[in-house]
Amino acid sequence: MDRTPQIKFPIPQEELVFSGHTACPGCGAVLAMRYALKALGPKTIMVIPPSCAGVIAGGFPVSALNVPVLRIAFETTAISASGIRAALDMMGKKDIHVLAWAGDGGTFDIGLQALSAAAERNDNIIYICYDNEAYMNTGIQRSSSTPEGTWTTTTPASSLKDTPKKDIIRIMAAHKIPYIATASVGYPPDLIKKVEKAKGIYGTRFILIYSPCPTGWRHSPELTIQIAKLATETGVFPLYEIEDGEKYSLSRRHSKKPIKEYLSLQGRFRNFTEKDLKKMEEKVRKEWDYLTRMAG
Amino acid sequence: MKKGYGTKSLEELPLTAISFMTTEGNETGEWRSQRPVLDSEKCNRCGLCWMYCPDQAIRTRENSYWISYEYCKGCGICATECPKGAILLVVEER
Amino acid sequence: MKKVISGNQAVSYAVLSAKPQVIAAYPITPQSAIVEMLATFCATGDLHAKFINVESEHSAMAACIAASVTGARTFTATSSQGLALMHELLHYASGLRLPIVMANVNRALASPFNLKADLSDSLSQRDTGWLQFYCESGQEVFDTIIQAFRISEELLLPVMVNLEGFILSHTYEAVEIPEQKEIERFLPSPPPRECLDVEHPSMFGSTTDLYINFRYKMHQAMEKAETVCQDVDDQFQRTLGRGYGLVQSYECDDADIILLAAGTIASSCRVVADRFAKKGVKVGVLRIRLFRPLPKGPICHALKNTPKIAVIDRDFSPGCGGILAQEVKAIFHNENRKVPIYEFIAGLGGRDVTDEDIERIIEQTLEAKEPGEITWTGLLK
């Protein structure tokens, strides 16, 4: 009797990203793209600004994506998605999803105005921000998503980032959009479930995907998934959803692993002092208290 | 979409930079300095390596996995995530 | 049907007739009435289009670009600071070869702050790959916008229709608005083109080292643009009874001096020209209607025997002078002809260009032996 186990597919099989793309070995961002597109399917039009994703998508005459893509100016990810949505609706193609796909730089910083405006209008788009906590494509410069005390090329050891990571989720929640979620490439089935849920909701949907970057975070490429999981298990990147800006639900309990475990794997935190660590632990604790209260 | 790169004449170029071909002509396997080797005996077909590969280099054929060395960049995520230790990383010899 | 309407209203009625599918626009003086009217038309259903209430002009153009790549007919309107804010996206729109139509209400660029007519805002965008028209009447504004949709869809280049702030945008004139079916006979639904399509996925706007080739293709389209604009104007004349040409020549044959200008200054020039004609001095007026691409042939033809040309620029490019003057001088340099071109800058920031100003310009030019420095008209003494 053949006792060979049967192949299991923990997530949908269809691939909408082609091999041969130029992402770094171990790239978290391309995994985020792969998973999100599995959830959305081929009836998706994607908007990508200059970013790692833009480079990964490819240069003329090739594309790494098996969906239509529009490459647009840096600040305009959200409004470009809204423009495509408006055109599709007028052309009677309401069953095609419009996916705005930007990194943390293009979302927290230069793209924030357009994103806020789209959210205020409740434009019917899915906005996914893959967060690698710096401007990685241009060479690891800090963004407002970079955590406090982190090394980047514009916050060198002598002048590390001295302000906390911008709380984009609170900002989006203030707009009272129908669906917000945090997700991570460390937990693909959870990510896919959230994108599938977003798919069925009308209005502006915002998902933040934690995407470790071996090149920018200074870690060995094989640790990408481990680090993504540790970010959540230590409470640094909690996974949760917010509906209508008010109804919070936690996706996972807090595993309470020591934050040091997460920090020690990454060269970008090499300059962390004991004081910085205490500050971070306090911040994570307070955030968990808040989330637990909000989730009821 | 069509596979592979191509050079075109001025007339064959589209009006603006519109990509109609896939990246599959780019053999990113050339980037590797280490390669994963799969031991089918130890493999429990859990699918985690297939799920976590950023380059979709781990593919399925009938009831087993094979690694596409044409595209595998040797990042090592598969070896790290395999719960059965069925994937070993060896130095790429070329 | 004749209506007494402002220039801004003429824009709005033209857009209503052209039936775009997506409009994204942001208010700015002196264009706000356009945004208001279009929003109202969309709200009442008179215009079946999606009106996106964007948060800036930069986003307005971004929305039009995205909607246009998806296949929709799109429109926006702006002025001075808004146009300047859109600058990077003007390049995007033409580079993606999109048939977007925009009305620009010419207004001075800050700083200092000034809300009134000045052509520097659009003329300083002349390198962005957009075709540019300059109108002198409400009727022309209406007609040119309709023509602009045809032209942009044929060339796959965006078109900007300019009207001077307050002087044209807020002045009421009688405008003939043709029947909708007449307009649709001239301007049918847009022809199909390469768009974002889930059935045939492709990526628009990729990075490329073949960049120079795509720019060459844009050059090829611009080379055809003059002919296309003339053909469209001829057809407009045949089907709707009015035509304007690419330049408007008034009494230029055998003229002792020709005044060259764009926009409403040309209207005043013709009035003064008539006065001089009574005195026996032949003054011609050449109005530039199509500025980009500049119609070299028609301009050379109109100015072929002229002993003197006075260019009146309601614009200023610091370090260079009047932009119309610079462009016209370039034409003649390439033609290997020496034609004395006298440069005048007037009307910046909405300063009135009066009959007296124009008379002085004519007299000064007739008297001068050769062109000297640029003369600035309307400065404080």
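In the predicted model, strand β3 of chain A (residues 69-71) and β9(C) pair in the parallel sense, over 2 bridges. Within this pairing, L70(A) has F204(C) of β9(C) as its bridge partner.

The contact between the two chains draws on 36 residues from chain A and 37 residues from chain C. On the side of chain C that touches chain A, the elements that give two or more residues are β2 (22-24), β3 (50-52), α3 (57-70), α5 (87-95) and β9 (203-204) of chain C. Of these, α3(C) gives the most, with 10 residues. Sorted by class, this side of chain C comprises 21 nonpolar, 12 polar and 4 charged residues.

Two of the elements that contribute to this side of chain C, α3(C) and α5(C), also pack on each other, with their axes 9 Å apart and at an angle of about 10°. Angles under 35 degrees count as roughly parallel, and α3(C) and α5(C) are therefore roughly parallel to each other. From α3(C), the residues that make the contact are H58(C), M61(C), A62(C) and I65(C); from α5(C), they are L89(C), Y92(C) and A93(C). By class, the contact of α3(C) with α5(C) has 6 nonpolar residues and 1 polar residue, and no charged residues.

Chain C also contains an open sheet of 6 strands, arranged in the order β10-β12-β11-β14-β15-β16, with mixed pairing. Its edge strands, β10 (247-250) and β16 (375-376) of chain C, each pair on one side only. Strands of a sheet pair through backbone hydrogen bonds, either parallel or antiparallel. Strand β11 of chain C (residues 257-261) and strand β12 of chain C (residues 283-288) pair in the parallel sense, over 5 bridges. In this pair, G284(C) of β12(C) stands opposite I258(C).

Two helices of chain C are placed against strands of this sheet. Helix α10 of chain C (residues 265-278) lies across β10, β11, β12 and β14 (309-313) of chain C, and runs at about 170° to β12(C). Helix α13 of chain C (residues 355-367) packs on the sheet and touches β11, β12, β14, β15 (341-345) and β16 of chain C. The direction of α13(C) makes about 140° with that of β14(C).

Methods
Residues are numbered from 1 along each chain as its sequence is written. Chains are lettered from A and ligands numbered from 1 in the order in which they are written. This is a predicted model: local features need pLDDT of at least 70, side-chain atom pairs count only at pLDDT 80 or more; totals for chains, interfaces and linings use all residues. Two residues are in contact if their C-beta atoms, placed from the backbone, lie within 7 Å. Helices (H or I, at least four residues) and strands (E, at least two) are DSSP runs, numbered from the N terminus. Ala, Val, Leu, Ile, Met, Phe, Trp, Tyr, Cys and Pro count as nonpolar, Asp, Glu, Lys and Arg as charged, and the others, Gly among them, as polar. Two strands pair if DSSP finds at least two bridges between them. Axes are lines fitted to C-alpha atoms, for helices over the stretch in contact, and angles run from 0 to 180 degrees between N-to-C directions. Angles under 35 degrees count as roughly parallel, over 145 as roughly antiparallel, 65 to 115 as roughly perpendicular and the rest as oblique.
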